[in-house]
Amino acid sequence: MLKKSLRSKYLKRREEMSAQELLDADLSIANNLLQLPVWKFSNYHIFLSISEKNEIDTTPILSIIQGKDKNIIVPKMNENDTLSNYLLTDNTKLIKNKWNVPEPIDGIEISEKKLDVVFVPLLAFDKTGHRVGYGKGFYDRFLSNCKPDVIKIGLSHFEAVEKISDVDDHDIALNYCVTPTKIYSFEAV
Ligand SMILES: Nc1nc2c(c(=O)[nH]1)N(C=O)[C@@H](CNc1ccc(C(=O)N[C@@H](CCC(=O)O)C(=O)O)cc1)CN2
Ligand SMILES: Nc1ncnc2c1ncn2[C@@H]1O[C@H](COP(=O)(O)OP(=O)(O)OP(=O)(O)O)[C@@H](O)[C@H]1O
């Protein structure tokens, strides 16, 4: 399927989820993440959710990472469709930007090269680990600046589609994708 049709199909599926379904999904995903072999590192990058768009609420995952005493780094959108990344501390003030993404106002900026694990938002993904987002290429651009062995973990409400047919050279595949019921590992692909 083409990215454009996947985008509209999965935005709609998400809109149709009930509050209880969303809550269950968030907790199951956080719980499944504990099984991944990714917890020995220091620097974990995670998006803060757009609740208005029924995104996976990353709050339970934040608690897990905090509980493990790791550094948490969160993105801030720039005008030119790039991301800057800031350390999340007790003092970090978060404000929703015009797309309803909670973001730090300022703080300690962290280089992409320091990140060990990145949790990636998505609308749909396929069996080879390619993903579709909102379509501005933020994450493809950001991931291309991370170190080559950064671990990329997609978080998805829904299971994999067979194939995204218009994958291009910019698209960076995930290492894992976690859904409420399954852990996909793309290491061998
Ligand atoms: N929580 C969260 N943070 C994230 C992402 C994400 O998917 N989720 N992103 C993942 O990449 C980036 C933000 N991506 C975005 C891409 C497009 C639009 C946007 O333009 N939205 C319009 C509809 C589309 C349009 O008009 O072109 C809108 O909401 O009105 C907003 C954010 C960075 N931070
Ligand atoms: N590394 C990059 N450098 C320059 N342009 C890029 C890069 N990655 C992606 N793009 C451009 O960004 C646009 C959107 O890409 P794509 O459709 O893959 O977005 P997406 O992955 O769905 O969105 P997002 O990453 O924001 O969730 C495309 O025109 C693509 O060419």
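The legends below describe several views of a predicted model, beginning with the whole chain and then turning to parts of it.

**View 1. The chain as a whole, with its 4 helices and 11 strands.** The radius of gyration of the chain is 15 Å, close to the 16 Å that the globule rule gives for 189 residues, so the chain is as compact as a globular protein of that length. Along its principal axes the C-alpha trace spans about 40 × 40 × 35 Å, and 33% of the 189 residues count as buried.

**View 2. The surroundings of ligand 1, where 16 residues form the shell.** The closest of these residues are Trp 99, Pro 121, Tyr 134, Lys 136 and Phe 138. Strand E2, which covers residues 71-77, and helix H4, which covers residues 138-144, each contribute at least two residues to this shell.

**View 3. The surroundings of ligand 2, where 14 residues form the shell.** Gly 133, Gly 137, Tyr 139, Asp 140 and His 170 are the closest residues to this ligand. Helix H4 provides the largest share of the shell, with 5 residues. The shell around ligand 2 divides into 4 nonpolar, 5 polar and 5 charged residues.

**View 4. Helix H2, residues 19-33, and the elements against which it packs.** This helix of 15 residues reaches 21 Å from its first C-alpha to its last, close to the 21 Å expected at 1.5 Å a residue. Its buried residues are Ala 25, Asp 26, Ile 29, Ala 30 and Leu 33. Seen down the axis of H2, these buried residues fall within an arc of 125°, so they line one face of the helix. An α-helix has 3.6 residues a turn, so residues three or four places apart point the same way. The buried residues of H2 pack against helix H3 (59-67), strand E9 (151-155) and strand E10 (176-178).

**View 5. Ser 156, a buried residue in the loop between E9 and E10.** Ser 156 counts as buried because 24 other C-beta atoms lie within 10 Å, where 20 or more are required. Leaving aside neighbours within four places in sequence, Ser 156 is in contact with Leu 122, Phe 125, Cys 177 and Thr 179. The C-alpha atoms of Ser 156 and Asn 32, which are 124 residues apart along the chain, are separated by 12 Å.

**View 6. Pro 75 in strand E2, with the loop that holds Asp 81.** Pro 75 has 22 other C-beta atoms within 10 Å and is therefore buried; not counting residues up to four places away in sequence, Pro 75 touches Phe 47, Leu 83 and Asn 85. The C-alpha atoms of Pro 75 and Gln 20, 55 residues apart along the chain, are separated by 28 Å. Asp 81 lies in the loop between E2 and strand E3 (83-87), and with 11 C-beta neighbours inside 10 Å this residue counts as exposed. Although Asp 81 is not a glycine, its phi is positive, at about 65°.

**View 7. Asn 100, in the loop between strand E4 (94-96) and strand E5 (102-104).** Asn 100 is exposed, with 12 other C-beta atoms within 10 Å. The phi of Asn 100 is near 70°, a positive value in a residue other than glycine.

Methods: Residues are numbered from 1 along each chain as its sequence is written. Chains are lettered from A and ligands numbered from 1 in the order in which they are written. This is a predicted model: local features need pLDDT of at least 70, side-chain atom pairs count only at pLDDT 80 or more; totals for chains, interfaces and linings use all residues. A residue is near a molecule or strand if its C-beta atom, placed from the backbone, lies within 6 Å of it. Ala, Val, Leu, Ile, Met, Phe, Trp, Tyr, Cys and Pro count as nonpolar, Asp, Glu, Lys and Arg as charged, and the others, Gly among them, as polar. The radius of gyration is taken over C-alpha atoms; the globule rule is 2.2 Å times the number of residues to the power 0.38. The expected span of a helix is 1.5 Å times one less than its number of residues. The arc is that of the directions from the helix axis to the C-beta atoms. Two residues are in contact if their C-beta atoms, placed from the backbone, lie within 7 Å.
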